[in-house]
Amino acid sequence: MIQSLTDDGLQQQQLLANKSRTAGKPRVSVVFVLSENHVVSPDRVLTQLEQHVEREVDVLVACAGQPANLSSLQRVIGSAQFLLAPAGTDTEDLRELAMARATGDVITLLNGTHLDEGAETQRRLAQTS
Amino acid sequence: MSGPLVLSVVVPVRNEAGYLRKSLQAILTSDMPRQAYELVVVDDGSTDGSAAIAGRFADTVIRLAGRGWGPAYACNRGAELTRGDVIAFVGSDVVVEPHTLPRMLDILAARPELHAVSATHASRSGAPNLMSKYWSLLLGFGSKRNVAATAAFGSHCGMIRRTALLSAGMYDEWRFKSACLEDVELGQRLKKSGHSVVITGEHPVTHVKRWDLRSIFREVWNRSVLLSRSLGYERTRSSVPGEVVFTLTRAVIPAMALLTTVALTAAFVARPSLSLRLFLCVAALVCANLPVLRFFARERGLFFAAAAVPVHLLTQSVGAVGLCVGWLMRDALGDPLPDAVTQAFAEVGVEKWPPVPRPL
């Protein structure tokens, strides 16, 4: 699913997200920020996350502009939400925008700058399961 | 040591978006490689956009649903999701220096027998108004005078080994539902269970929160009531003499002695005027508070110290009444009991104490 971050109703969506959180097992959102200085290929991290998607992990990929390999990234995790912000949006703004869309109780934010981010996220998902 | 200690930094926040940005930015400018630590922010049901700000800087944001659960609960939930051997708790209104966290980590790495280390409060304030400066000085005074003797663990900036935190039972979640003395209680429990806790005076941290008269009174009231009702005034004073309430009440005994002397002397003065009696009372109180006021004058100048006198005397009065109310409540009602769920967990012998309150 591809969404533009200039959509209206962001706040309404956030309110709904808060409402849907319930007691018991925490829900997890993973936000992958496709920044210009990423050193880890996003599809590598997404592949590592794929096995957890059945657990209702909410995966969001926030990009500044439309990435060239968007369609191949979409194939890795079909249910991931791709948030396309205007080109030139800085990393912090991308993270904040993605936070507003994330529905999880626990939100892990990845910049694609650490080599072990995928493994680290897997560990976190295992912890919250 | 088998390798460098892995650090996790946990920042609990509730409706402090105004300060959180500064606090997180200060952590991120620490003299440590970014990969050497993880930053976890626990948003305790904020309604002011704190979570959005946290998302700009943190590796992980935990959003606690529902009403505010309190800093103790938030710190525990954050600690549970961290991976570090060492966990640092930093207040959402606290600005650390670039060398604060690395230095504290170095201390723990160099001294394996040490379990926790805390930073002191800086005397300077991040906010420019009189009340914020007064509060920072009050915290700084206690820190400076008692840095060697104290054994408190400071949630404002404290670092603890994961094993020690877990074995001590983590923060007390049901008694400390507001940001008030939960760290002191944890420090006492750590000490009681044989863990060593120190405060380093080398790298004080700055509070950027803006205080006003009302918020100071509320804070002093809460601390005083809790100290006398739940924590035990004398026991806490011997382990954490730098606590603000003890700074405020230290002057009570000399003040009473001076006032008694003045009252006795007045018996030999024919009809002292009301203004003379009032002057003597204030003079006695000022004399009893001389160490604090001298500290204020040294740090901020004579004018500031003079301006702080009425505020200090009023704050002392609030603290004294709070202590008395706490004592009365302890005698009449006893210590607050945990809720039924917590008690049920305790009855079946849950090892990890206190158990986690469940969202309704």
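Keep in mind that the model is predicted.

Let's start with chain A. How many helices and strands does chain A have? Five helices and five strands. Follow chain A from the N terminus and the order is β-α-β-α-β-α-β-α-β-α. So much for the order of elements.

What about burial? Chain A has 129 residues, and buried residues make up 50% of them. The accessible surface of chain A is about 6,200 Å². Carbon and sulfur atoms own 50% of that surface. Now look at contacts in chain A with a separation of 6 or more. Of these, 73% join residues 24 or more positions apart.

Next topic: salt bridges. Over all chains, the count comes to eleven. I'll take three of them.

Bridge one is between A:D93 and B:R56. The closest N and O atoms are 2.9 Å apart. Where do the two partners sit? A:D93 is in helix 4 of chain A, residues 91–101. B:R56 is in helix 2 of chain B, residues 50–57. This pair therefore crosses between chains. B:R56 has 11%, so B:R56 counts as buried. The cut-off for buried is under 20%. A:E92, A:D93, A:E96 and B:R56 are linked in a network of salt bridges.

Bridge two stays in chain B. The side chains of B:R34 and B:D59 meet here, at 2.8 Å from N to O. B:R34 lies in the loop between helix 1 and strand 2. B:D59 lies in the loop between helix 2 and strand 3. The two are 25 residues apart, and the pair links distant parts of the chain. Why is B:R34 called partly exposed? Because its relative accessible area is 22%. B:D59, at 17%, counts as buried.

Now a loop residue in chain B: B:E16. Find B:E16 between strand 1 (7–13) and helix 1 (17–28). Its relative accessibility is 15%, so B:E16 counts as buried. What does B:E16 touch, beyond its neighbours within four places in sequence? The answer is B:D48, B:S50, B:S92, B:D93 and B:K209.

Last stop: two packed helices. A pair like this is described by the angle between the axes and the distance between the axes. Take helix 11 (residues 252–266) and helix 12 (residues 274–288) of chain B. The angle is about 145 degrees, and the axes are 8 Å apart. Helix 11 of chain B passes helix 12 of chain B in a right-handed crossing.

Which residues make the contact? From helix 11 of chain B come B:P254, B:A255, B:L258, B:L259 and B:V262. From helix 12 of chain B come B:L280, B:C281, B:A284, B:L285, B:C287 and B:A288.

Definitions and conventions:
Residues numbered from 1 in each chain as written. Chains lettered and ligands numbered in written order. Predicted model: local features only at pLDDT ≥ 70, side-chain atom pairs only at ≥ 80, totals over all residues. Heavy atoms only, no water. Axes fitted to C-alpha atoms, helices over the stretch in contact; angles between N-to-C directions. Helix = DSSP H or I, 4+ residues; strand = E, 2+ residues; numbered from the N terminus. Left-handed = near helix turned anticlockwise from the far one by under 90°. Contact = heavy atoms within 4.5 Å. Buried < 20%, exposed > 50% of the residue type's maximum accessible area, 1.4 Å probe, protein only. Areas by Shrake-Rupley, 256 points an atom, 1.4 Å probe, with all protein chains shown as cover. Salt bridge = Lys/Arg side-chain N within 4 Å of Asp/Glu carboxyl O.
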